[in-house]
Amino acid sequence: MNTTNTINFSDIFKSSFLNKVGSISAVDMIIALGLAFVLGLFIMTVYKKTFKGVMYSPSFGVALMSLTLITTLIILAVTSNVVLSLGMVGALSIVRFRSAIKEPIDIAFLFWSISGGIVLGAGLIPLAIFGSIFIGIVMVLFVNKKSNETPYIMVVNYEDNECEKDILDIINNKVQKYLIKSKTASKYSGIELTVEIRLKEITTDFINELSSLKGVSNVVMVSYNGDYMG
């Protein structure tokens with residue numbers, strides 16, 4: 001007489017999948033995700049305080065907070081099961097992000113959010129808290145630090161070579177260093193000189209002095225974020 005193996009409800013509830021339900025306690029989950037939420041808010045606040053771009057994006061700040069929560073959730077799952085950790089590595093290795101990072105400092109905030117989530121998920125709560133406070137203080141102090149080393153691009157329109165000599169004399173005396181980036185001459189619109197400059201101090205009074213020179217028709221100075229002078 002042949003016996004047929006049948007799967008009943010008791011066999012289903014005995015499966016290894018359901019046995020993993022209690023592998024992480026509810027208290028551990030609440031503490032880890034709660035701390036991740038607070039840490040994410042802290043990172044988002046520091047990012048807002050140190051933002052130096054043209055337009056602040058609230059969605060990026062929320063993304064930083066969400067990254068901390070998501071990473072903590074993943075690490076909690078990974079630390080509960082070795083087999084799951086191997087599968088998670090393979091699954092996450094195919095993820096690709098195509099959003100362009102506008103500012104280099106944004107990369108630091110992204111890694112900060114991910115690292116904070118990893119450390120919290122691993123249960124290293126003191127390291128996550130004190131490490132994040134230290135990083136936040138460093139960010140606020142150095143990113144918000146005003147410096148006259150900020151490079152600027154200055155464009156001057158003038159008439160002739162004699163006027164150019166007076167312009168370069170004033171620039172040489174008033175700025176810390178300068179570098180001529182380009183010079184364009186036209187018999188219709190005169191000469192246009194583009195100069196990269198570093199200010200001695202945070203003042204732009206010499207721009208008025210340049211514009212008052214005889215033969216100078218226009219002076220424009222803008223902040224510059226390209227290649228810096230050595």
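Predicted model: local features only at pLDDT ≥ 70, side-chain atom pairs only at ≥ 80, totals over all residues.
Residues are numbered from 1 along each chain as its sequence is written. Local features need pLDDT of at least 70 and side-chain atom pairs count only at pLDDT 80 or more, while totals for chains, interfaces and linings use all residues; side-chain values use heavy atoms, with hydrogens and water left out.

Helices here are DSSP runs of H or I with at least four residues, strands are E runs with at least two, and both are numbered from the N terminus. H6 packs with helix H3 (residues 26-50) at an angle of about 165°, the axes being 10 Å apart. Axes are lines fitted to C-alpha atoms, for helices over the stretch in contact, and angles run from 0 to 180 degrees between N-to-C directions. H3 and H6 are therefore roughly antiparallel (over 145 degrees). Their crossing is right-handed, the near helix being turned clockwise from the far one by less than a right angle. Among the H3 residues that meet H6 are Leu-35, Phe-42 and Tyr-47, and H6 brings, among others, Asp-106, Phe-109 and Trp-112. By class, the contact of H3 with H6 has eleven nonpolar residues, three polar and one charged; Ala, Val, Leu, Ile, Met, Phe, Trp, Tyr, Cys and Pro count as nonpolar, Asp, Glu, Lys and Arg as charged, and the others, Gly among them, as polar.

H6 also packs with helix H7 (residues 125-143), their axes coming within 9 Å and crossing at roughly 165°. H6 is thus roughly antiparallel to H7, and the contact between them includes Phe-109 and Trp-112 of H6. No charged residues turn up in this contact, which has twelve nonpolar and two polar ones.

Thr-68 sits in helix H4 (residues 58-80). With 0% relative accessibility, Thr-68 is buried (under 20% relative accessible area, with a 1.4 Å probe and protein chains only). Leaving aside neighbours within four places in sequence, Thr-68 is in contact (heavy atoms within 4.5 Å) with residues including Ala-36, Leu-39, Ser-113 and Gly-116.

A three-residue hairpin links E2 to E3, and Thr-184 has Glu-192 in E3 as its bridge partner.

Ile-207 lies in helix H9 (residues 205-211) and is buried, at 13% relative accessible area. Not counting residues up to four places away in sequence, Ile-207 touches Met-154, Val-219 and Met-221.

Notes:
Parallel < 35°, antiparallel > 145°, perpendicular 65-115°, else oblique. Pairing = 2+ DSSP bridges. Buried < 20%, exposed > 50% of the residue type's maximum accessible area, 1.4 Å probe, protein only.
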